Amino acid sequence: MGGPGGSEMETEEGEDRTPLLKESQPGTVPACCSARYNLALLAFFGFFLLYALRVNLSVALVDMVEPNTSLAKNATSNVCPEHSSTINVPRNTTGVTFPAMHSMWSSWAPPLERSKLLSISYAGAQLGTVVSLPLSGLICYYMNWIYVFYIFGALGVLWWFFWMWLVSDTPETHRSISHAEREYILSSLKDQLSTQKSVPWRPILESLPLWAIVVAHFSYNWTFYTLLTLLPTYMKEILRFDAQENGFLSALPYFGCWLCIILSGQIADYLRQNQNLSTVCVRKCFTLIGMIGPAVFLVAAGFIGCNYALAVAFVTISTTLGGFCTSGYSINHLDIAPSYAGILLGITNTFATIPGMVGPVIAKNLTHNNTVGEWQTVFYIAASINLFGAIFFALFASGEVQDWAVSGYHLHRN
């Protein structure tokens with residue numbers, strides 16, 4: 001890329017409609033203490049508390065309800081010596097927060113910083129699970145289960161005050177943002193946002209890049225639920241080992257995913273900004289890694305015998321590799337239609353909830369006898385769906401802002 005003068009026009013008409021902004025390098029608009037990174041950190045703590053509040057309920061329920069019932073032992077699955085019983089895997093019940101955050105970032109995230117900013121924001125969900133699992137148990141043990149809700153609830157209220165005080169919908173309305181940062185953000189998004197009032201529903205539903213995200217999101221969630229819901233069941237019923245009895249083992253997959261989300265966001269934007277890789281290339285590569293990797297380890301889980309350590313390792317590696325998808329299809333909505341990113345995520349997330357309902361039912365119908373062969377079939381199905389989703393996204397995804405998402409309108413309004 002050349003100097004600041006002649007390359008701007010060439011860049012805006014390149015393969016990706018993503019301004020490289022060589023004339024406004026982040027060096028002149030530092031990330032430290034900037035409004036956009038303050039938003040990312042506040043969003044990080046918000047998702048941290050959101051998932052902590054979700055997880056601590058499942059932990060506190062153990063003390064809230066008297067454990068006076070016992071589950072009948074399954075005598076048909078005595079493949080390995082039994083270690084423990086009961087299992088509890090948190091479910092995703094946060095349907096509106098991610099689309100809302102996507103809508104915020106459509107006005108705040110410069111194109112070449114999207115991966116970093118969004119990965120920081122959404123990584124809070126994984127860390128919230130990691131921290132709240134053991135911390136809630138300690139609070140219940142040394143204090144009382146009611147303090148789990150008092151402590152995390154009070155932190156949530158405190159976070160809300162900071163959010164209302166420090167966050168604005170757009171850079172134009174932010175009270176303390178610097179002039180340089182405001183111009184940097186607005187100039188980077190000037191050719192990517194639309195000001196039209198109506199939502200172009202027909203072009204949205206006819207958009208092949210959107211359906212590429214839908215298929216990828218659906219496929220990823222199928223394997224995600226299989227790994228974190230059905231694979232622990234396989235470990236319990238076939239291997240006779242319950243990793244949930246060990247708080248560290250329960251949190252390990254989420255910690256690996258959190259670490260991968262943070263690192264992959266940094267790597268993705270480095271490849272786009274410093275190595276001049278196109279947006280679509282980075283999104284496709286990270287999605288392939290984040291979907292094919294878990295599929296491979298899911299299939300391998302059917303051939304581990306009674307090796308409990310290997311089972312835990314496969315769950316951790318699979319969940320960790322899935323973190324690459326955060327910088328893949330997960331934020332591709334902002335690449336193809338920043339103005340409608342929240343709506344697009346709402347659409348894809350709707351389809352992505354289906355595996356959480358259908359997957360366990362199909363698995364249960366396929367594993368009447370709880371044999372290794374039956375569970376291998378479950379893993380093959382999940383891996384095949386994941387592989388299909390990865391290939392479909394690689395073929396039809398886009399990294400450019402779609403024509404229907406801009407319609408000749410620009411963000412700057414005098």
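Predicted model: local features only at pLDDT ≥ 70, side-chain atom pairs only at ≥ 80, totals over all residues.
1. Helix 5 runs over residues 145–166, and its 22 residues reach 32 Å from the first C-alpha to the last, close to the 32 Å expected at 1.5 Å a residue. At the start of this helix, the backbone nitrogen of Ile146 has a side-chain oxygen of Asn144 within 3.1 Å.

2. The buried residues of helix 5 are Val148, Phe152, Gly156 and Trp163. Seen down the helix axis, these buried residues fall within an arc of 50 degrees, so they line one face of helix 5. On the other side of the helix, Tyr150, Phe161 and Trp165 are exposed.

3. Trp163 also belongs to the largest nonpolar core, which has 45 residues, and is named with Leu39, Met101, Trp105, Trp108 and Leu118 as touching the most other members. The elements that give two or more residues to this core are helix 2, helix 3, helix 4, helix 6, helix 9 and helix 13, and the largest share, 13 residues, comes from helix 2.

4. When neighbours within four places in sequence are left aside, Trp163 is in contact with Leu39, Leu42, Ala43, Met101 and Met104.

5. Not counting residues up to four places away in sequence, Gln376 touches Gly302 and Phe303.

Terms used: Residues numbered from 1 in each chain as written. Heavy atoms only, no water. Contact = heavy atoms within 4.5 Å. Core = buried A, V, L, I, M, F, W, Y, C linked by side-chain atoms within 4.5 Å. Buried < 20%, exposed > 50% of the residue type's maximum accessible area, 1.4 Å probe, protein only. Helix = DSSP H or I, 4+ residues; strand = E, 2+ residues; numbered from the N terminus. Expected span 1.5 Å × (residues − 1). Arc of directions from axis to C-beta. Polar contact = N/O pair within 3.5 Å; in protein donor to acceptor, adjacent residues only side chain to side chain.
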